[in-house]
Amino acid sequence: MSYQTVNFLLFSLAILIVYYLAGAISGKLQKYILLAGSLVFYYIGGAKYLPFLITTLLISYLSGLIMQRIHNKAEVSLEKCESPADKKLVRKKAKTKTKIVLNLSMLIPIALLVVCKYTKFIIKSTNLVLLKAGSSHHFDVINFILPVGISFYTLMALSYMLDIYWKRYKAEKNLINYAAYLTFFPHIVQGPFDRFNKFNDQIKNGIKFDPYNIQSGVMLIIWGFFKKLVIADRLAMFVDTIFDNYTEYHGFIIILATMVYSVQIYADFSGCIDIVSGVSECFGIKLAENFNHPYFSRTMMEFWRRWHISLQEWFKDYIYFPVSMSGFVKGVKKSAKKKGNKKAGELFASCFPILIVWIVTGIWHGASWKYVTWGMFHAFLLISSKVFEDTNAKITKALKIRTESWGFALFQMTRTYMLCCVGRLFFRAPRLTASAGLIKNIFNEGFGWSYLGFEKLATYGLDLNNIFVSVIAVIVLLAGDILQEKMNVRNKLITENSFVLRWCLILLGVFAVIIFGIYGPGYNASSFIYQEF
């Protein structure tokens, strides 16, 4: 059941009505409604995927209980200890036990994810290595089913177990509370990555009906549909024409398609998050923020603090910090200091975790070398910014550039956007070799001015009317993002306007999507781009 369909909205409405009716009886009944609705949603998506979800759910839940029991026993023992040495021994034993439980428990969800998502990639890569080595032996490719949302709910389950291990909060005893969190249907397929403690604090005692939540949520849903149906799906027709037939095009038309794709993927992914966050708000539940107008970023570091925020925070908390505090990194840093290279050691300690994070980020996005290359490209950019930070500051000072000026900010935002577009060449290309072909074709036959004629542009999947609508819609998107940078637009619309005017604006948004959206008889709405991850 795709998020952009009427069926999804009707399903959400049905669950919402039952949810608040149950809340009128008792707020504690609402989590049962959420869990039941989420399981039905997932069952509709594919009954064969349910065992994977339930396995991850039960293992992470039981793991949390076992680790919490070890923590509790250790606390009791610590109170009876008479010396620091005894306390140290108790803590060491407890840590060893919880670490064993954690590692064994994490192994199964990770194994399920790797087997389902990466087996084919691993076998193909192994066969390629064998072929290059001159061996005639090869392994047969095995195709496993890829459960819907497995990349997302696996990471949320891992974060829950790690948080219990690190004592960030106590394990949840109520299975329904935890199951409602992990299976919550708006975020299970494409995120955002929510943390259990924040989600549970909202639902554990029930949520009262509030018209504000409904109006705010509906506005966000409409904005998400506008991004998806009016912008992303329309731009996709142009982008797909160029990228799917990239050997036929050269020069600036490929550059233009890459720039348009960067807008498309933003409208598509953030549109999806707006829809699911809006539905969630109708239930009175705030999901984690996932986008903060990333194309206004002045550096790549800032861009990744604004794009897919919940994923970046997950990698920061559960990969970057553990790697940076690992014995290996500390050992290198200490060794460099002894040899008189303290600065080099500190630079390694900050750059090596970035490299690991972005290798994992690339692999997480998909079982293909193009995603690994995309991750390495961004690792290179972020590490370069660290390495040349002082040099850049000196150059800026020597040239007497006013770094706070509007012109310099625009230059930085443009530079960041263009660097991001270079990365999109790897991300959108059908395969890694195709990305090399795309880059090569940019510089072949000059810059291909013949592809950019006004009438010629109307032959790449979009006619002149659709090009006009696309330009206007993107301008509206840009204006909306600028306004949202300065204020909470939805809150202002709700609190400073009458009930009638608010719903007139909502209906106006609905009609805009209906009239200008890409859909209709025989139209098969494309899936959200991030749904495949």
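**Note on surface patches and buried residues**

1. His 293 counts as buried because its relative accessibility is 9% (buried means under 20% relative accessible area, exposed over 50%, and partly exposed in between, with a 1.4 Å probe and protein chains only). His 293 sits in the loop between helix 9 (252–282) and helix 10 (300–306); helices are DSSP runs of H or I with at least four residues, numbered from the N terminus. Although His 293 is not a glycine, its phi is positive, about 50°.

2. The model is predicted: local features need pLDDT of at least 70, side-chain atom pairs count only at pLDDT 80 or more, and totals for chains, interfaces and linings use all residues. Residues are numbered from 1 along each chain as its sequence is written, and side-chain values use heavy atoms, with hydrogens and water left out.

3. His 308 also has a positive phi, about 45°, and is not a glycine. The loop between helix 10 and helix 11 (309–324) holds His 308. With a relative accessible area of 1%, His 308 is buried.

4. Ser 60 belongs to helix 3. Is Ser 60 buried or exposed? Ser 60 is buried, because its relative accessible area is 0%. A polar atom of the Ser 60 side chain lies 3.0 Å from the backbone oxygen of Leu 57.

5. Arg 69, Lys 73, Lys 93 and Lys 97 form a positive surface patch. Patches are made of residues with over 30% relative accessible area and no salt bridge; like charges are joined within 9 Å, and nonpolar side chains (Val, Leu, Ile, Met, Phe, Trp, Tyr) within 5 Å. A salt bridge is a side-chain nitrogen of Lys or Arg within 4 Å of a carboxyl oxygen of Asp or Glu. Helix 3 (50–80) and helix 4 (84–132) are the elements that give two or more residues to the positive patch. Lys 97, one of the patch residues, lies in helix 4. Lys 97 counts as exposed because its relative accessibility is 52%.

6. Which residues make the nonpolar surface patch of about 550 Å²? They are Leu 507, Val 510, Phe 511, Ile 514, Ile 515 and Phe 516. Accessible areas come from the Shrake-Rupley method with a 1.4 Å probe, and for residues only the protein chains shown count as cover. Phe 511 is in helix 21 (residues 499–516). At 48% relative accessibility, Phe 511 counts as partly exposed.

Notes
Lys and Arg count as positive and Asp and Glu as negative; His and the chain ends are not counted. The place of a charge is taken as NZ of Lys, CZ of Arg, CG of Asp or CD of Glu. A polar contact is a pair of N or O atoms within 3.5 Å; within protein, one must be able to donate a hydrogen and the other to accept it, and residues adjacent in sequence count only if both atoms are side-chain atoms.
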